[in-house]
Amino acid sequence: MAMLPKKLSPKSLLKLLKSEKNPNAALSLFDIASQHPNYTHDAIIFHHILRKLSLSSDPRFLPHMTRIVDMIQTQKCLCSEDVALTVIKGYAKNSMVDKAMEIFQNMKNIFGCAPGVRSFNTLLNAFVVSNQLSRAELFFKYFRTMGVSPNLETYNVLIKLACKMRQFDKAKELLDWMWESNLKPDVYSYGTLINGLAKNGHLDKSLEVFDEMFERGLYPDVTCYNILIDGFLKIGDYDNGKKIWERLISGSNVYPNVVSYNVMINGLCRCGKFNEGLELWDRMKKNAQKMDLFTCSTLIHGLCELGNVNGAERIFKEMIETGLSPDVVVYGALLNGYCKVGEIKKCFELWEVMRKEDCCNVTSYNILMRGLFENQMVDEAISIWKLMNENGVVADSISYGILIQGLCKNGYLNKALKVLQAENEGERCMDSYAYSSIVKGLCREGRLDEATSMFDLMAKEGCTLSSHVCNALINGFIRASKIEDALRFFGEMSSRNCSPTVVTYNVLIDGLCKAERFGDAYKLVEDMLQKGWTPDMITYSLLMDGLCQSKKVDLALKLLSQIVSKGFKPDVTMVNIIIHGLCSTGNLENALQLFLSMSQWKCLPNLVTYNTLMEGFYKARDCKNASAVWALILRGGFQPDIISYNITLKGLCSCHRMSDAMLFFNDALNRKIRPTAITWNILVRAVIYG
């Protein structure tokens, strides 16, 4: 810290204060000067030190600001509005709006100056930024009674206020009024409204305001373009996002910045346009735009999600070459990519680098543990879990969820139960994700009493009872043929603060249909409708499948007719179920009619449809129509699978056409379709029994 001269003047002190870059050192120098004999600070010194403290993001300087303001008042130092503004902005920036208001109200007493329009604007903006919107409105009314004339900045703040209150029509009216009153709005005025509209999903209106700028002779800045590009791409509107980008790069008054590239690359990755994202990355480098961590992590994450780890590695290497140090987010994205494609060796190599660079946090451990569990490397995942504890990294609820779910999915249910028991004894509250994994695992193994007890423990521990875990328990009861227990639990869901979903109803309907309790299944559909749920295609398909399995195809057809009359369009799964039901009962004429009706519902047949029909014709010994279906498969551009060939081989053999069957068998081999045990069984039986 600089030494003070014996004869100190405000001018010499100002020079010393300006040379101090560290606000702490400057404050110490100011305080020492305050004790210097025959010296008094002037307004310029007070302004300089207050500005230096207010520009710092460290809130510990705020008490010193208050102390210096008290010093100004004690010394009765006359200051300009600029000094008061610095203090008001410092308090406002740190969310101390009441303190800023207090300074505003006492400006005359403290600084010897009256508040002008800039002080009014600063405080008005502070109310808006801190979301004290009603106070902002009241303050503006007070503003006008004080005889202060609002200026452009005032109306820009009012536009921001209207946008915060989602009064977009009012904000637009303000803009129009400003033009009429010769108070020409600027880019900030329009940018505020464009941002407000875009953030609230009104992108079409936002684009209209953007286009109006050109009509008014204003040119949007790059921020306006970035807001629109980001808005459109976030909702998956690739076409409009790309159009705004093209307007940006073709414009002569504005150029894309690093934020533009980041927004565009991030948006392209969201829309699955990873190749375009890479092309933009290359263009960014050619245009000498400095890449940042956000750009890199966005691309690496997007490419890894797509499975393109080679592309992600390329970005990572280029990033290192340019001197940009990866952070924990970038490392995590690449680590996750390696896990997804099963590159476990590379996972551990990267992990060692991360440890050396001290770039491992709890999220990093979670990513690696999840990846190892997903690649059935249970021992290695447990080693990472132990390493996390040894290294003093505190596991979070996600860590425990990953550990327990990983153990359950890999068949180590009892080990998962021990982990859960140990953590509960240690008074660590597990979250619903961990409990859900245990409940699902117990249900899969048919250990329903334990699953029910675990569910009750979840509720006791205050965990959120999601529909997923409830559905798992209901499904467990149904698989164990405990339909009444499933229905009882279903009836209790609401009292447990867990609302049933369409999936819950579908699980129950499927179970009831398999138990041939169609009346109860229909009642559930009625219950869905009464409670405002809309049955989906899966709901109706499950009902139809149950009816067809029970040879009640007429009822299934009736249900199909009701669905169509309600305006629903059957999907291919639903149609396939009924065609199969009709074929299994020998009703080929209706099956064929239903097949021909698919086009009117814009429901395209798939290979399952053709296989089902072909099998029906062969069962009826109608080789001619079965062959016609085979021709339709080829004409439709489908690739026959082993099921198609097995149906044909069995049908031809049953009609004593062994030579034709062998031709089809050879055709399957030529297409590199591998025969199954069913294929060989069909051929052997045909040879033995003729």
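Student: Let's start with Lys346: buried or exposed, or something in between?
Tutor: Lys346 has a relative accessibility of 28%, so it counts as partly exposed; here buried means under 20% relative accessible area, exposed means over 50%, and partly exposed lies in between, with a 1.4 Å probe and protein chains only. Before we go on, note that this is a predicted model, in which local features need pLDDT of at least 70 and side-chain atom pairs count only at pLDDT 80 or more, while totals for chains, interfaces and linings use all residues. Residues are numbered from 1 along each chain as its sequence is written, and side-chain values use heavy atoms, with hydrogens and water left out.

Student: OK, and which side chain does Lys346 meet in a salt bridge?
Tutor: Its partner is Glu313, at 3.1 Å from N to O, where a salt bridge is a side-chain nitrogen of Lys or Arg within 4 Å of a carboxyl oxygen of Asp or Glu. Glu313 belongs to helix 19 and Lys346 to helix 21 (residues 344–356), so the bridge links distant parts of the chain, 33 residues apart; helices here are DSSP runs of H or I with at least four residues, numbered from the N terminus.

Student: And Glu313 itself, buried or exposed?
Tutor: Glu313 counts as buried, because its relative accessibility is 13%.

Student: What does helix 19 pack against?
Tutor: Helix 19 (residues 309–321) packs with helix 20 (residues 328–340) at an angle of about 155°, and their axes are 10 Å apart. The axes are lines fitted to C-alpha atoms, for helices over the stretch in contact, and the angles run from 0 to 180 degrees between N-to-C directions. Helix 19 and helix 20 are therefore roughly antiparallel, a label for angles over 145 degrees, whereas those under 35 count as roughly parallel, 65 to 115 as roughly perpendicular and the rest as oblique.

Student: Which residues make that contact?
Tutor: From helix 19 they are Val309, Ala312, Glu313, Phe316 and Met319, and from helix 20 they are Val330, Tyr331, Leu334, Gly337 and Tyr338, with contact meaning heavy atoms within 4.5 Å. By class, the contact of helix 19 with helix 20 has eight nonpolar, one polar and one charged residues. Ala, Val, Leu, Ile, Met, Phe, Trp, Tyr, Cys and Pro count as nonpolar, Asp, Glu, Lys and Arg as charged, and the others, Gly among them, as polar.

Student: Back to salt bridges: how many does the structure hold?
Tutor: It holds 28 salt bridges. One of them joins the side chains of Asp282 and Arg314, at 2.5 Å from N to O; Asp282 is in helix 17 and Arg314 in helix 19, which are distant parts of the chain, with the two residues 32 apart. Asp282, at 26% relative accessibility, is partly exposed, and Arg314, at 31%, is partly exposed.

Student: What about Lys242, which side chain does it meet?
Tutor: Lys242 meets Glu276 in a salt bridge of 3.5 Å, N to O. Since Lys242 lies in helix 15 (residues 238–250) and Glu276 in helix 17 (residues 274–286), the pair ties together parts 34 residues apart in sequence.

Student: Changing topic, where is Ile384, and what does it touch?
Tutor: Ile384 sits in helix 23 (residues 378–390), and at 5% relative accessibility it counts as buried. Leaving out residues up to four places away in sequence, Ile384 touches Phe348, Trp351, Tyr365, Leu368, Met369 and Leu372.

Student: How do helix 12 and helix 14 pack?
Tutor: Helix 12 (residues 187–199) and helix 14 (residues 222–234) pack at about 10°, with axes 10 Å apart, which makes helix 12 roughly parallel to helix 14. The contact is made by Val187, Gly191, Ile194, Asn195 and Ala198 of helix 12 and by Cys224, Ile227 and Leu228 of helix 14.

Student: Last one: what is the phi of Ser95?
Tutor: Ser95 has a positive phi of about 60°, although it is not a glycine. Ser95 is in the loop between helix 5 (81–93) and helix 6 (97–105), and it counts as exposed at 61% relative accessibility. Lys551, also not a glycine, has a positive phi of about 65°, and Lys551 is in the loop between helix 32 (537–549) and helix 33 (553–565).
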